[in-house]
Amino acid sequence: MPTATVPFSVQLREASACRHAAARASGFVSALLDGGLGVDAFARYTEQLWFVYAALEGRATGKSPEEDPVAGPFRRPELARTPGLARDLAYLRGPDWRHDLAPLPATAAYAARIEECAAGWRGGYVAHHYTRYLGDLSGGQALGDRAEKQWGFAHRGDGVRFYAFDGIRNPAAFKREYHRRLDALPVSGQEKSRIVDECRRAFDHNSAVFRELGELYLT
């Protein structure tokens, strides 16, 4: 359980460390990073990301910091991933990419949970926001690097624009500021405990998506 003596950002990182490692060590992610899968697998993963980020960046999340002092301060336009994902999918799947787009069952459950939190529990939304965007700015960059080398995409160009954070010149400084906002979150200790639990749940959802992708491409 979180304690008052440990910064909340540290509590979140420590509580999710094992699940984070497990997600990165999944068979599907390992195979992508090792160059053992084709571009179709990467494109299918990109499709799943579309549903997750559409939920994170949907209308239910659009309140200002004044209207929403819990989640509002974390919503920054330079983090938005759906514009890049749309360009990536058009490049990977063609201009009609939306026509046959469908989430895996695990992805649908993940997106539904994000939307549920966005609509009714702002602390839970913060847990999902933290899990995704700070991961994107950190270890998530490795998948973009691998895709560029494996399939010859231009550096953070179409196909891998999801991994480009052009509006963030100093990712390390951005993450420090994000951590400060987490530490200043205006919620009770009990609510922080719930947010930590939701962060673990977010990693479990992410791992479930990787398992289903693995069932498609590793069997």
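R75 lies in the loop between helix 3 and helix 4 (82–93). Helices here are DSSP runs of H or I with at least four residues, numbered from the N terminus. The model is predicted, so local features need pLDDT of at least 70 and side-chain atom pairs count only at pLDDT 80 or more, while totals for chains, interfaces and linings use all residues. Residues are numbered from 1 along each chain as its sequence is written, and side-chain values use heavy atoms, with hydrogens and water left out.

R75 counts as partly exposed, because its relative accessibility is 30%. The cut-offs are under 20% relative accessible area for buried and over 50% for exposed, with partly exposed in between (1.4 Å probe, protein chains only). R75 and R201 are 126 residues apart in sequence. In space, their C-alpha atoms are 21 Å apart.

Helix 3 covers residues 39–56. At 1.5 Å a residue, its 18 residues should span 26 Å. The end C-alpha atoms are 26 Å apart, which agrees. The expected span is 1.5 Å times one less than the number of residues. Helix 3 is mostly covered, with 14 of its 18 residues buried. Q48 lies in this helix. Its relative accessibility is 2%, so Q48 counts as buried. Not counting residues up to four places away in sequence, Q48 touches A102, P103, L104, T107, V209 and L213. Contact means heavy atoms within 4.5 Å.

Helix 5 (residues 105–120) packs against helix 9 at an angle of about 155°. Their axes are 8 Å apart. Axes are lines fitted to C-alpha atoms, for helices over the stretch in contact, and angles run from 0 to 180 degrees between N-to-C directions. Helix 5 is therefore roughly antiparallel to helix 9. Angles over 145 degrees count as roughly antiparallel, under 35 as roughly parallel, 65 to 115 as roughly perpendicular and the rest as oblique. The crossing of the two helices is left-handed. In a left-handed crossing the near helix is turned anticlockwise from the far one by less than a right angle; clockwise gives a right-handed one. On the helix 5 side, the contact uses P105, A106, T107, A109, Y110, R113 and C117. These meet E198, R201, A202, H205, N206, A208, V209 and E212 of helix 9. By class, the contact has 8 nonpolar, 3 polar and 4 charged residues. Ala, Val, Leu, Ile, Met, Phe, Trp, Tyr, Cys and Pro count as nonpolar, Asp, Glu, Lys and Arg as charged, and the others, Gly among them, as polar.

Helix 6 (residues 122–137) also meets helix 9 (residues 189–217). The axes come within 8 Å and cross at roughly 45°. That makes helix 6 oblique to helix 9. The crossing is right-handed. Helix 6 contributes G123, G124, A127, H128, Y130, T131 and R132 to the contact. Helix 9 contributes E191, I195, E198, C199, A202, F203 and N206. By class, this contact has 6 nonpolar, 5 polar and 3 charged residues.

E191 sits in helix 9. At 16% relative accessibility, E191 counts as buried. Leaving aside its neighbours within four places in sequence, E191 is in contact with W121 and G123.

R156 is placed in the loop between helix 7 (141–151) and helix 8 (171–183). R156 has a positive phi of about 50°, although it is not a glycine. R156 is buried, with a relative accessible area of 11%.
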